[in-house]
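Here's a quick tour for anyone opening this one up for the first time. Have a look around, then read on.

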Amino acid sequence: MLLAVPTFAQTTVAGDWDLTIQSPTGTRTVPLTLKQDGEKVTGMFKGPQGELPVEGTLVGDELKFAFAIPIQGQSLDISMTGKVAGEAVSGTAQFGGFGEGPFTMKRPEKTAATTTTGTTTTTDTATTTTTPSATTTAVGASGKWDVTLKTPGGDFPATATFTDEGGKLTGTFGSQMGEVPVTGTVEGKALKLTMVAKTPQGDLTIEMSGDIDGDAIVNGKADIAGMGQMEWTAKRAKQ
């Protein structure tokens, strides 16, 4: 007598993915390539710091993997846990003690990548066009500023005090989490700042840019140690 033996299709995550992470510093989509050997998963996360190795497991439809981001000689451990549903994955990312946020994964679309490239080229052209007008106007950055950081959890208030000496900036950046020194430059309207925040996981380098428009700073972008970006604005504090 022959007995029918049921067969089960194994879930697979091998191949290329677009990984979108909503971190405390903003939302970012990066390429992720995974390999699978049974329940063992390995791969490569391609972020601003370069290629980072990934290790994890796939048990049933539950995918777990982790990678470490090097920061100023330290490492920030990122762990991800999600459910696989066909050609998509969704779950939660843990940011090494800095909170958590949702993530999704989907297979990349070649047509979408081509469209994105075209859009990026257009944006670069627009930026190049506006640069000459920015460098023709001398704008001072000295003084105290009320800063608003646009985070996924809402607006985060802060203050900044700058001293502008011939386009070279020094000063402080303060919030309810403390105060750190700031250095930077001003060229025309273009403002660039760098600061280092002390955290339990090590130093986090924060780079900020924006355009001074009278008594306001607009078009602000803040990059948090390459882990993500957020928008920010500022206005001169009333004396």
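## Before we start

This is a predicted model, in which local features need pLDDT of at least 70, side-chain atom pairs count only at pLDDT 80 or more, and totals for chains, interfaces and linings use all residues. Residues are numbered from 1 along each chain as its sequence is written, and side-chain values use heavy atoms, leaving out hydrogens and water.

## Lys35

Let's begin with Lys35, which sits in strand E2, residues 26-37. Strands here are DSSP runs of type E with at least two residues, numbered from the N terminus. Lys35 is exposed, its relative accessible area being 59%; exposed means over 50%, buried under 20% and partly exposed in between, using a 1.4 Å probe and protein chains only.

Leaving aside residues up to four places away in sequence, Lys35 touches Ala14, Lys40, Val41, Thr42 and Gly43. A contact means heavy atoms within 4.5 Å. Thr12 is 23 residues from Lys35 along the chain, and their C-alpha atoms are 9.1 Å apart.

## Thr159

Next up is Thr159, found in strand E10, residues 154-165. Thr159 is partly exposed, at 31% relative accessible area.

Who does Thr159 touch, not counting residues up to four places away in sequence? The list is Lys144, Trp145, Asp146, Val147, Thr172, Phe173 and Gly174. There's also Ala234: 75 residues separate Thr159 from Ala234 in sequence, yet C-alpha to C-alpha they are 8.6 Å apart.

## Asn219

Last stop: Asn219 belongs to strand E15, residues 216-224. With a relative accessible area of 56%, Asn219 is exposed. Its phi is near 55°, a positive value in a residue other than glycine.

Conventions: Helices (H or I, at least four residues) and strands (E, at least two) are DSSP runs, numbered from the N terminus.
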